[in-house]
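Please look at the chain shown below and follow its strands in turn.

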Amino acid sequence: MIQEIDVFVKGSTMAWEDLGGGIRRKLLGYDPHLMMTYIEFRKGAVGYTHKHHHTQVSYIEKGLFEVQIGEKKQILRAGDCYFVPSNVEHGVVALEDATLIDVFTPMREDFLKK
């Protein structure tokens with residue numbers, strides 16, 4: 001039987017992790033195959049260009065971002081999303097206070113506190 005704590009996540013009870021530079025994150029649901037995170041950016045905060053083996057899709061819940069994926073850049077706003085294939089360079093700049101919901105497969109083990 002699956003316990004309630006394993007399947008229901010109340011965002012208001014999840015701890016924030018301060019990533020510095022005006023960015024903070026909450027880990028929401030995850031298992032070895034999938035992870036969802038909630039990330040807040042202050043205006044001007046930069047999610048520096050990086051890559052990882054995970055496939056990622058991100059939904060912009062609030063605000064405005066300049067998003068770079070590979071060599072392409074676009075301005076995206078609340079209600080938009082973007083898809084990042086495995087091992088493709090990507091990053092964002094918050095053009096105003098903004099929030100993202102990121103989903104990764106497989107889960108980001110590097111996000112778990114050791």
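**Strands, sheet and two local features**

Strand S3, residues 34–41, and strand S10, residues 98–105, are joined by seven bridges and run antiparallel. One of the residue pairs can be picked out by name: Thr 37 has Asp 102 in S10 as its bridge partner. The model in which these pairs are seen is predicted.

The pair S3 and S10 belongs to an open sheet of six strands, whose order is S1-S2-S3-S10-S5-S8. The pairing in this sheet is antiparallel. At the edges stand strand S1 (17–20) and strand S8 (81–84); each has a single partner strand, so one side of each has no neighbour in the sheet. On average, neighbouring strands of the sheet are turned by 25 degrees against each other, with direction ignored.

Which kind of peptide bond joins Thr 105 and Pro 106? The bond between them is cis, with omega at about -10 degrees. Pro 106 itself is found in the segment after S10.

The other feature is in the loop between S8 and strand S9 (90–94), where Asn 87 has its place. Asn 87 is a residue other than glycine, yet its phi is positive, near 60 degrees. Is Asn 87 buried or partly exposed? The relative accessible area of Asn 87 is 45%. Buried would need a value under 20% and exposed a value over 50%, so a residue in between counts as partly exposed. Asn 87 is therefore partly exposed.

How values were computed. Residues are numbered from 1 along each chain as its sequence is written. This is a predicted model: local features need pLDDT of at least 70, side-chain atom pairs count only at pLDDT 80 or more; totals for chains, interfaces and linings use all residues. Side-chain values use heavy atoms; hydrogens and water are left out. Two strands pair if DSSP finds at least two bridges between them. Helices (H or I, at least four residues) and strands (E, at least two) are DSSP runs, numbered from the N terminus. Axes are lines fitted to C-alpha atoms, for helices over the stretch in contact, and angles run from 0 to 180 degrees between N-to-C directions. Buried means under 20% relative accessible area, exposed over 50%, partly exposed in between (1.4 Å probe, protein chains only).
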